Amino acid sequence: MRGFTHYISGLAAATFFAALVGDLRLGILIPVIAAAAAYFPDFVDFKFGKFFARRDYEIDPAPWDEKKHYAPKLVKISELSEKNRYQFFAVEGKVEEILVRGSGKLTYKVLREDGTEETVTDSYNSIVFTLNDGTGKITVEAFGDDYEFFEEEFGKIEEGREMLVFGYVDVDEDGSLKLVVSDAPHPQGIAETIARAIEEAYHEGERIVKIHNIRLPGDVYRQFFVHLDPPKREVRVEMGPIVTPGGVAITDKPPEYRRYGIAKVSVPFIKTYPKPTRIDSFSGPEIAFRRATFKGKTVVKDRFLPWHHGFSHSLTMGIIIGLVVFAFFKLIGYSHATELAIASMIGQWLHVFEDQLGFMGSNLLPPITKDVIPGFKLGESGSGLTNFSTAWLMIAFMIWNFNRFTDPRPIPMSDAKLLLLLAWPSIIGFGIAILRSFKLRREIAELMDYYTNLEAFEELEEVGGI
Amino acid sequence: MIPLSDLLLWSFAGVLFGSLISWIPGFHIFNIMALLVAVFGVGELMPVQAFPFFAIGAIVAYAFVSAISSVYFSVADESAVFLLFPTQRYLLLGRGHEAVLLYLIGAVAGTLVLVLGALFIFPKVLPPIYQATSPYITYFLVAIVVFMFMSEWPKEGDRGKTPLQRLWLAWRQILGGILVFFISGILGFIVMNTNLLPTTSAYTRLTPMFIGFFGMSWVLLNILSNPPMLEQVPEDKVESSIYNALKATFGGALGGTIAAVYPIITGGMGALVAGHMTSQRGDDAFIISQGVNRVIYYVGAFTLLFLPNLRLTRGAAAWLVSSVYTPKSYSEYLAAMGVILLSAGISFLFTYYLSKFIARSFNVLHIKKLSYIVAVVLVVISYLLTGPMGVVVLFVSTAIGMMAAAFNTRRSYCLGGLVLPVLISMTGHTGYFMHLLGLG
């Protein structure tokens, strides 16, 4: 659920206590602590936990320019090395020598919507030249659609010309570096790193990968998707269009010859959520790959945002919050410290329960329980329907409580009738969410059945691969 | 009630007045109305019973036409030093007119929701709900402020090299927001509780502060960033969906209603709450919901003055009007609904054609030049309303507004200028804080 949904649940929890409502009427605002307690798990995770979390692999497809805080970063040629392969940079220098101007046919593999590969042949124009920025020189290549764009932008490329070139770094067969003109990093680097992390997790236990997003000038982002395909034992990364933070695409996708990155994985793994991971605005995700047992087999399982929904999202934490609130407010002499402590604990528990309605689940009672209990899969955390239904229910509770704790009642109506009148939008909303969740559960069940056949795929692979 | 012909005449005058000034960046209808009353008075040129209808026309026009200034004349610096609003991104893509159309879709939807709500729901539902919840307004207000702080999304921090560096980068922005809120609050407290500004400016003492926080700082950013004047496409085409439009209308209406009914809670705060409640995402939905939100917030809040069984005074315009004349009968309430529909129709056409005109001739007058002129006019307005000290307040609040932009935090933290002193007052601590600041 979204932050405000949790927060308003804490606000509502406080109103169930007549003493706290009485305080609020007198202008004593301390009960707002219950709302802060309800939001506390996310506050801790996103304002602290996230920054201290371990990162075994940090994938930054397009490092930021340190002054402007967006990509591509303007670098000196001497700063580039093989470890920058597939990353997106800008280099400013002088065209030293035109090596090749050519045209011909280009053959490359593309991935269709249904996951099949197809070999495509296109005619292309190209240019290869060396660029020198005073710290070194690098070969620059532009071909296909990128060549057309490059020529449109700069006109005819001549020796001695000063220019700013952006593109991704690649390594030639002889080991020398080159810059391939493009408007995005190549996704192969992302795919390879994730595949390596999965393989290491299988042998070592766990690997956490941080994937940075790609921010471009004008507060727009290059969208990309990470598909984990367990039956094919593949990690596929697809570069998408440039999008606004609101998700509106403002360009086409990159040309097909640099749109996909595919890396094979030599160990079995499963994906617990039936959609690819999309990376665009705000920040990129962290994914933990952990060795686990599935149907008696050792596999690697993914866990999205491993620092989230940990101890902060447990009922145990709710008890601790209740005790701390009680101790502090008793100490400063607040006469309703007990009620406030219980309201704060309930607020935090409501947070845990509301998140349990989604996918991630939580480790509910550590240290008694050791592992995450999967969520009820009623809807995604960002679902407008479940968020609104929950938040509205909490508003209904608040109005209901304010009314029943006021004498004479501002709304002269029986408690049951008033609650029903106030809460019907939430009842309808939850009803629709439950109906929808059946479809989602079916999809997940099908996915898990699919994984059950993993062994069959392994055999196929042994006799020649898929 | 005044004769229908007079009512229509003054309402139309209000729409015309509102339309003519609302497209100018940094101008706010409340400030200009206050200036109008201060300079010309009411009762001589215009009958007092006509003033609420003139005001409705002007406010409806503002809710519609101000889309022009926020789309075409707000900072959209290519280097994107600060994060951009969706409307600014549309402008950078040459789709400013599309952004205005999306806003207008929202504004029309907001008008319909408001009128239907005002005719069939508000008179029955609002009074009991308001009665049950009004003693707890301070609770809601402080809850929203705490949530604003707690929910600030760190825009940086991911790329720090060490955990501590990441934490600092994230918290730099959050702490910046808290600082802006409290500095704004101290300024607001001084302006509200001292004789810094002349007592003759009772209704307008907050005006220079708000001009500085939101108007002047916006205009200065226009000047400093010197945004490119990109060619705009004046085509009547929007990329959205009925689902997104309905969802945005719902969210916008929710946020606008919260802000309209409860004091101090502004449209931005209402939008924050409603955006989280309905889990909105998407630039098109955001712009549509802004249109809905602003109509319901501005026009709806003012309409509450007409509701005979509630008659709430919400917003600066309502306070200004109620000091002269308060509508009393249901016939005036119904007439107000008619005026809202009429004004919305006129404002829609005005905004649509003005947007087409501006989109076609966007690079004729550079924003920077227009911003210089507006900056001078804002200083003059502040001086006329509150004297030389008002201009000092304007400069201080402008600096605070610029700080919010520099820290990359929510501009709405400047509302601390209103929220903090009101909270202090509601909780009975004004004397204590006066003493703390050495003011009494």
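## A salt bridge to start with

The side chains of K264(A) and E234(A) meet in a salt bridge, with 2.8 Å from N to O; the term stands for a side-chain nitrogen of Lys or Arg within 4 Å of a carboxyl oxygen of Asp or Glu. This pair links distant parts of the chain, 30 residues apart: K264(A) belongs to strand β12 (residues 260–264) of chain A, and E234(A) to strand β11 (residues 234–243) of chain A. Strands (E, at least two residues) and helices (H or I, at least four) are DSSP runs, numbered from the N terminus. K264(A) counts as exposed, at 51% relative accessibility, whereas E234(A) is buried, with a relative accessible area of 5%. Buried here means under 20% relative accessible area, exposed means over 50%, and partly exposed lies in between (1.4 Å probe, protein chains only).

Before going on, please note that this is a predicted model, in which local features need pLDDT of at least 70 and side-chain atom pairs count only at pLDDT 80 or more, while totals for chains, interfaces and linings use all residues. Residues are numbered from 1 along each chain as its sequence is written, chains are lettered from A and ligands numbered from 1 in the order in which they are written, and side-chain values use heavy atoms, leaving out hydrogens and water.

## Chain A as a whole

Chain A has ten helices and 16 strands. Its C-alpha atoms fill a box of roughly 90 × 55 × 40 Å, taken along the principal axes. Of the 466 residues in chain A, 56% are buried. Contact means heavy atoms within 4.5 Å; among contacts in chain A between residues at least 6 apart in sequence, 66% join residues at least 24 apart.

For a look at one residue, take S126(A), which sits in strand β4 (residues 117–132) of chain A. S126(A) is buried, with a relative accessible area of 11%. Leaving aside residues up to four places away in sequence, S126(A) touches V100(A), R101(A), G102(A), A142(A), F143(A) and Y147(A).

## Domains of chain A

The domain assignment, whose bounds come from an automatic or database source, gives chain A domain 1 (3–49 + 310–453), domain 2 (55–60 + 187–304) and domain 3 (74–105 + 117–181). The C-alpha centres of domain 1 and domain 2 of chain A lie 32 Å apart, and their contact takes twelve residues from domain 1 and twelve residues from domain 2.

Together, domain 1 and domain 2 of chain A bury about 1100 Å², 67% of it on carbon and sulfur atoms. Buried area is the accessible area (1.4 Å probe) that two parts lose on being put together, summed over both. Across this interface there are zero salt bridges and one residue pair in polar contact, both at pLDDT 80 or more. A polar contact is a pair of N or O atoms within 3.5 Å; within protein, one must be able to donate a hydrogen and the other to accept it, and residues adjacent in sequence count only if both atoms are side-chain atoms. The side of domain 1 that touches domain 2 divides into eight nonpolar, two polar and two charged residues. In this grouping, Ala, Val, Leu, Ile, Met, Phe, Trp, Tyr, Cys and Pro count as nonpolar, Asp, Glu, Lys and Arg as charged, and the others, Gly among them, as polar.

Over all chains, the count comes to 29 salt bridges. One of them joins R55(A) and E58(A), at 2.8 Å from N to O. R55(A) is buried, with a relative accessible area of 15%, while E58(A) counts as partly exposed at 42%. Another joins D229(A) and R236(A), with the closest N and O atoms 3.0 Å apart; both of these residues are buried.

## Where chain B meets chain A

The contact between the chains takes 56 residues from chain B and 67 residues from chain A. They bury about 5200 Å² between them, 66% of it on carbon and sulfur atoms. In chain B, Y139(B), M150(B) and R159(B) lose the most area to chain A, together 16% of what that side buries.

Three salt bridges are counted between chain B and chain A. K50(A) forms one with D158(B), the closest N and O atoms being 3.5 Å apart, and K50(A), K210(A), E286(A) and D158(B) are linked in a network of salt bridges.
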